[in-house]
Amino acid sequence: MFASGETIAAIATAIVPQQGSVGIVRLSGTQALAIARSIFATGGKQVWESHRILYGYIRHPQTQQIIDEALLLIMLSPRSYTREDVVELHCHGGIMAVQQVLQLCLEQGARLAQPGEFTLRAFLNGRLDLTQAESINDLVGAKSPQAAQAALTGLQGKLRSPISQLRTTCLNILAEIEARIDFEEDLPPLDIEDITAQIDQLLAQVSKIVATADRGELLRSGLKVAIVGRPNVGKSSLLNAWSKSDRAIVTDLPGTTRDVVESQLVVRGIPVQVLDTAGIRATADTVEKIGVERSLSSAQKADLVLLTIDAQAGWIDADREIYAQVQQRPLILVVNKIDLVANPPQVPETINQVVQTAAAQNYGIEALENAIVQTVQAGVHNADMDMAINQRQAAALTRAKIALQEVQNAIAEALPLDFWTIDLRSCIQALGEITGEEVTESVLDRIFSRFCIGK
């Protein structure tokens with residue numbers, strides 16, 4: 001946990017050798033402005049005031065050596081990201097300039113920020129709640145426009161608002177029940193039907209939010225898709241047509257692909273890692289045999305398997321053997337080279353999703369993507385497409401759901417009111433962990449350690 005009196009500093013932009021045009025060094029804390037004044041020299045009569053950009057030079061305060069030409073952005077408390085005094089030094093990009101500027105800030109008394117410490121300070125100072133803080137990290141790491149949009153809605157309070165309302169309702173119910181326990185003779189009897197209706201409604205709302213966990217995981221982690229099949233059925237051509245590139249070597253020789261070739265795509269907003277695997281067949285070639293083993297391993301670990309066959313050869317014993325090894329995974333059968341036959345071959349009725357393609361002609365790619373989206377949506381609940389909770393939030397909500405179910409059981413079994421309050425408090429605790437109203441230091445350390453240092 002940070003000490004509020006310390007001033008922290010870090011590089012807030014990605015540093016790419018010889019490619020970054022601008023690099024930003026960020027400071028936050030009581031000495032941020034003083035440190036900036038000690039190393040930044042302005043020309044003319046520029047005014048040092050909040051939310052103003054100054055132009056000048058960064059120089060060593062002792063030697064007066066100029067380190068860089070830069071811009072200085074001042075954001076004084078409380079109108080800043082951390083609600084502390086924040087200063088940003090906008091330097092030239094690359095490696096050396098920003099590294100030297102950061103080192104200069106550290107020499108003047110700042111401490112190197114820990115991962116996520118700027119956002120942690122924003123949370124602890126009341127600038128953000130915990131759901132918004134986590135959304136910031138999701139936004140930085142978003143792999144698709146939809147993932148970015150889901151993170152942005154979280155940042156705008158899409159999750160915080162309903163969770164806070166649920167917790168407030170639970171607190172009100174708890175207060176009403178505890179009042180009956182403490183002042184039973186002075187108050188009218190508890191309206192059990194009303195309490196039951198409120199608990200039922202709370203449970204329905206919690207269940208609806210929990211149902212977005214699968215979508216959240218899909219947007220954050222993406223989908224791993226393995227293209228498998230016999231040699232020379234067009235797996236590499238399919239990858240190339242799909243990715244609109246020449247990632248995989250395509251020849252008429254069987255066994256050309258000896259290892260797993262990866263490509264990163266976005267399919268209807270879903271990040272997809274496509275694995276083009278070596279053709280699966282019995283072989284005496286040592287290298288090819290290793291490739292076949294890796295192909296099967298990739299298929300077993302994939303979220304979705306595209307079993308590809310040759311339309312000209314049809315469904316043969318070798319395809320059947322491969323299918324037997326991968327059929328436990330979600331699967332789409334891709335009948336490739338369909339342009340070379342008059343009629344599609346017969347395939348097993350047990351395979352529900354079948355797509356016809358002619359990869360060499362770029363035919364069937366849209367149909368393949370439609371099939372992938374349908375397969376994914378079949379296993380993902382979409383109770384609210386604007387919301388996508390993470391694993392930590394899902395775990396807390398699941399505990400809240402179980403606690404509410406226990407309250408329902410206590411009411412149904414006419415147990416004493418004390419039993420109702422125990423589970424209500426558990427629900428309130430779980431909901432408070434989501435927004436950060438009730439959270440331990442170890443949980444905060446775990447959450448913010450996943451952030452980059454400059455955030």
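User: Which residue of strand 11 is the bridge partner of Ala226?

Analyst: Two strands pair if DSSP finds at least two bridges between them. Here, Ala226 has Val305 as its bridge partner in strand 11. Strand 8 (residues 223-229) and strand 11 run parallel, joined by 5 bridges. Strands here are DSSP runs of E with at least two residues, and helices are runs of H or I with at least four residues, both numbered from the N terminus. A word on the source: this is a predicted model, in which local features need pLDDT of at least 70 and side-chain atom pairs count only at pLDDT 80 or more, while totals for chains, interfaces and linings use all residues. Residues are numbered from 1 along each chain as its sequence is written, and side-chain values use heavy atoms, with hydrogens and water left out.

User: What does strand 11 pair with over 6 bridges?

Analyst: That is strand 12 (residues 331-336), again in the parallel sense. One place to look is Leu306, whose bridge partner in strand 12 is Ile332. Strand 11, helix 11 (residues 317-326) and strand 12 make a right-handed β-α-β unit. A crossover is right-handed if, with the strands pointing away from the viewer, the path from the first strand over the helix to the second runs clockwise.

User: Which way do the side chains of strand 11 point, and are they buried or exposed?

Analyst: In a regular strand, side chains alternate between the two faces of the sheet. In strand 11, Leu304, Leu306, Thr308 and Asp310 point one way, Val305, Leu307 and Ile309 point the other way, and all are buried. Buried means under 20% relative accessible area, exposed over 50% and partly exposed in between, using a 1.4 Å probe and protein chains only.

User: Why is strand 11 described as largely enclosed?

Analyst: 7 of the 7 residues of strand 11 (residues 304-310) are buried, so the strand is largely enclosed by the rest of the structure. For the chain, 47% of the 455 residues count as buried.

User: Where is Arg425 found, and what is it in contact with beyond its sequence neighbours?

Analyst: Contact means heavy atoms within 4.5 Å. Arg425 sits in helix 14 (residues 417-435) and is partly exposed, with a relative accessible area of 40%. Leaving aside neighbours within four places in sequence, Arg425 is in contact with Leu174 and Glu178. Leu174 is 251 residues from Arg425 along the chain, yet their C-alpha atoms are separated by 7.7 Å.
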